[in-house]
Every structure is written in structure tokens, then in C-alpha cells.
Amino acid sequence: MSDTCHELLLRLAGRLPDELLWRYRDWAASDAYAVLARSLPRTLLHGRIPLTDHEMRLLQDALVPYGAEPGAVSSVKGLDELPPTDYTFSPESPDRVPMGDSATVVLGATLRGRHGVGEVRSCWRIGPSGVNRVLLVAATTGHARLTGELQRVLRALGEHDPCVEVVPSGLDLPPYHRAALAASEPVCAGAESDEHLVLS
Amino acid sequence: MTNDGVGLPVRLHDLLLSMAGRVDDDALSLAREFLAVGELDRSIELLVGTLLAGGIPVLPDERAAITWILHEVRSDASLTDRLPVVEMLPFLRHRFTSETDPASDVASLLTRAVSVLPDVRSVRCVWRSSPAGATPGPLPQRMVLVDIGPQGFAPATAYRVDAVLRKAGVRASVEVLTTGTQLSDYHASAVTSSRAVPISGSPVTPSPPAQPAPPAQPAMAHEPAATWFDQSEELPAPAPVAEPTPAPEPVEETGSRRARSSSSNLEGSQPFPPKPVKRIPIVPTEAGIELLPGPSPIDRAEMLPEPTPINRAEVTTELKADELAALQAALAESPAEPSSVDANLSERERALLQQLHEELAQREQTGAKTTDSGRWQIDRSSSRQSAFGVANNGHQPQ
């Protein structure tokens, strides 16, 4: 169940407002599915955010058992295919002077050699809301909890709306993540050194 | 709790206020935005999700309040079942200081933000340092405390002020407090260390005006305790409600002076000049309404109560003493026979005078009862209160 919900929230990157998306992922990491089941469908409806058929099935499977209203879930708009992302990505932040990146240092120390974690990469996203760091992590297990943990680390380091994308093995990457991965640079590698982020 | 529905936004605002210092600023800001735009269900569900995910404990009556609001917005009241409930909240220490002026670079922003909001009494700023990791971003963090009167609307004020600051790239925790309500320990500490922001017409007091809340008893906004601005004993008489507030004005300019300087442009486009709002003692008489008998207009002006500069709108439209005396002297005469004072008046003043006569004549004709309140005001408080359901914005009377 948590994998289903995690995949749905992963696919919504760049489509839901950052300030809500990281919080929904935090709720999923904390098993607060009941409130997520009420809040997420309403946000999708309010923002007229469409889902593909696959994402719609994820929404139903993940949240209807926790109390999401089937009527509200069914009202979410459909989408044939995910369009290219509106964001651009860069390996370097365009508005920061070259200096030590404390967040990368902390994340490297936290994730290096960690069990269940593979390749860790980072890039910068440029969009209407400004410049945000995007962290890409390949992981084999505990995706939701790892996401929640890394989000909280980044929050403590000063990111208000952290963008942490923990990618399960074998996932067909959405356009947003493909674009981010293409512009990313390696940070470190966990214990699962064979687990790489792959552009599909 | 009553099920009147109309007080629900205010109760939800009070609940969010009681969570300040425990729930992160971003969550409170977003919940207040949802509240201000009428999405109460999203607001309360965001709060519940944040409490659940953070394992943030609540008091039993807080959980009851959350359950009630969830029920009122037709959400799932059982969401509160997993909330950790404690009899006494853990102590989370925040340190407040204003040694370096926390308002120095945002005063103009705040002045502009509150200029369009009703019944803003004061704005204060303070720096807050929280335990490491509790809030994102560098420390200390700016906190903005806005005090509003009963005519103000707390959710809208919080949302608008926060939006203006964010648009300017300023992150701050905006807390809107209503005059006469209890302060939590968190807010009392913040107010005590805060520094006033000189918005138009508001007093700039060097010392903080609030009473601290009783120690070691955090909480709910409806418990009687310390009040905002020491007015549990003597609530000020209802603040005169001005006609629609003109554009924001510099502190040093009075409304009348500004109106006069710009009257040549405005009078051509407006059907009538802006109405002055001022304190003039009036009594009903058989012949209608006339000014209180007194020795002289100047003496009368001196007898006027010192205007309490609590309402920005009132201050900006207040007439100066000499102008007041001139108008009073003119009013004592028949409008058909301009007095010497009237003869000396400018066209603008004559227009104001004419406006006053028309108002008085209209009130006489409609037989409206006037009270000896020592002021002449246009009071919309009844309509506002009915809109909000209860007096004092839904707060318990002190």
C-alpha cells in the first residue's frame, strides 16, 4: 500500500504545488493515510490536475481503502499521456555563488554506504516558483520513509519545500524525473552500489 | 460550542493561533490561506495531517475543537482518533528579541499591507529563535504580530499580510491577535519583546502593551486570562468607523490636510466630497440636532476627549482642532446666513459644511435617535456582527 501511494506521489512531482507535495509525502512516511485520503483528491480536484489511467488506479488502490471518497476520486480529470515538464534543470544553481554546499555534505554523510540506498544525485530546478534543489535517490526498500527522512533533513538545513525523489527499482521514470536526472550530478552512493538511476 | 456556522472561520483561526509555536510556520501559513479563501475543510485537514505526521500532542479540549470543526466542514471527524493527547503540553522554548530592529526593512511593506485591511490597531515585529531543526531557514526568524479590533477579520488579515511579505521575498510568521482576547504564553512572550511598527496613525510605544499570560498554562483562546492591550477592565468605546478609508497616507499628514490638497482633482470626479469623521458632542433637541451648548467653539474643541489613536482610519480622517472649531462655529449659524467664519472658509470647507448640514437634516427627517455618546460616527458594527454571527469576532466575552 505504501509503495502504491509512494509511486503516485512520486509521479505528481512538478504537478502538485511543492508546499503540498512534500507535506503529503511526509504524511505518507508517517502513515497518516487517512488524512491524505481526504486531502489529496481534493487538491487534485481543486487544481484540475489530471491523472493518467495508471495514476488513477494508483490513487484508487492507495487511498480509497483509507477513506477517500470514490466520487471525488472518479471526478479527477483524465490524461492520455504525461506532457514534457515545464521546468528546466541545471547541475548548478544559477543564483548561488560557488561555495561549499552544506546540504550536499550532510546528505552525503547520511546516505553514503546506507543499506537500501543506491545512487544519489542532485540538480537544480528552475521554474516560476524560483530555484529549488532536486535530490534523486535510487532505493530498493522503504521509499516513503526514506523520502520523509530526507525531506526533514533538508527542511532543517533551510529548504522550505524540499524536492526529494526516491525512485524505486525498475520504475519507468516520468518526464519530470528524466529531465532532472539528465541534468544531475552524483552526490554519493549507498550500500546498494549496483542500484543506479537510469534514463529509460 | 454553538452550531451557528458563521463563527466557524474565527474559531478555526483561533485554533490555528493556539497551535503557533508548535506547528511549523509553513503549515500555519498555508492553513490560514485555505481558511481565508473559504476552504475550511482543507485548512483543518492540513492541520490534522501536520499534527499526525509530526506526532505533535494536543490538549483534550483542542482535540475536541478539531473534531467539532471537522464535523462542521463535513470532513471525517475520526481523523482525530490518532492524535496524541496529553494533559500538559511539552515545553518548547522560543526566544524572542528585538535588539536589532526587526521591522527596519519591512515597515513600508507592512504599512501598505494593512492600509487596506479593516480595524488594524497595531503591527509589531520581533525576532524569534527556535530550537535547532524546528523550523527551516536561518535564525532568528522574523515574526509579525498584528493586532486587530472587532471590526477586523483575522483570517483575511493574516493571509493578506503574509502574502504581501512573501511576494516581496520576506519569510515571516504572521500572527493576528484580536483585541481583548487571551494571549498564549508563546504570543505573550513575543509581544513582550516586540517592537512597534509605525503604521499610519498607530501609536509607537516603546514598551510592549500586552500582559503576559499566566505562566505554565498554555492554551486555548477562550479561557479568560491575560488580554491583549490590557483592556479587560475598560474596553475602549467602539472605535469610530470611518467611511471607506482613503488611500494609505504618510504618518505626518492628517486626512483633512491631504483631502484638501487633493480636492481640486477629486471634487470633479466624485458626486460629493469625502465625509469627515470626527468627534463632535451632539444632543437631540426639539428643533432637531444641534451642537452642545458651550461657551465657545474653541472651548468646546478643548472639551473634546483626547482622540485615542487606535483606529488608523479614524486618525487619518480626524479634523484638526482649529478646523473643528471653525466648522462648529459655522454649524452654530444658520446655513442660509453664512457667518463670518463661514465666509472665511474655503470651497472645500464649505462643501464639508454642506455635507454636515445635509447629514443632520437627513437624520432629523428620519427621526433617527441620537445618543449622547460624545461622538458622531457611522456605525456598521451591527451588520458586521450579524455577518460573523457573534460579537467580538466569535470570542468569548472577557
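**Helix α6 and its surroundings in chain A**

Let's start with packing: the buried residues of α6(A) pack against β2 (117–127), β3 (130–139), α7 (143–156) and β5 (185–189) of chain A. This is a predicted model, where local features need pLDDT of at least 70, side-chain atom pairs count only at pLDDT 80 or more, and totals for chains, interfaces and linings use all residues. Residues are numbered from 1 along each chain as its sequence is written, chains are lettered from A and ligands numbered from 1 in the order in which they are written, and side-chain values use heavy atoms, with hydrogens and water left out.

Terms, quickly. Buried is under 20% relative accessible area, exposed is over 50%, and partly exposed is in between, with a 1.4 Å probe and protein chains only. Helices (H or I, at least four residues) and strands (E, at least two) are DSSP runs, numbered from the N terminus.

Now the helix. α6 covers residues 102–111, and A103(A), L107(A), G108(A) and L111(A) are buried there. Down the axis of α6(A), the buried residues fall within an arc of 130°, taken from the directions from the helix axis to the C-beta atoms, so they line one face. Why? An α-helix has 3.6 residues a turn, so residues three or four places apart point the same way. V105(A) and A109(A) are exposed, on the face turned away from the buried side. Just after α6(A), G113(A) takes a positive phi of about 75°.

Zooming out. Chain A has 8 helices and 5 strands. Buried residues make up 54% of its 200 residues.

Terms used: Contact = heavy atoms within 4.5 Å.
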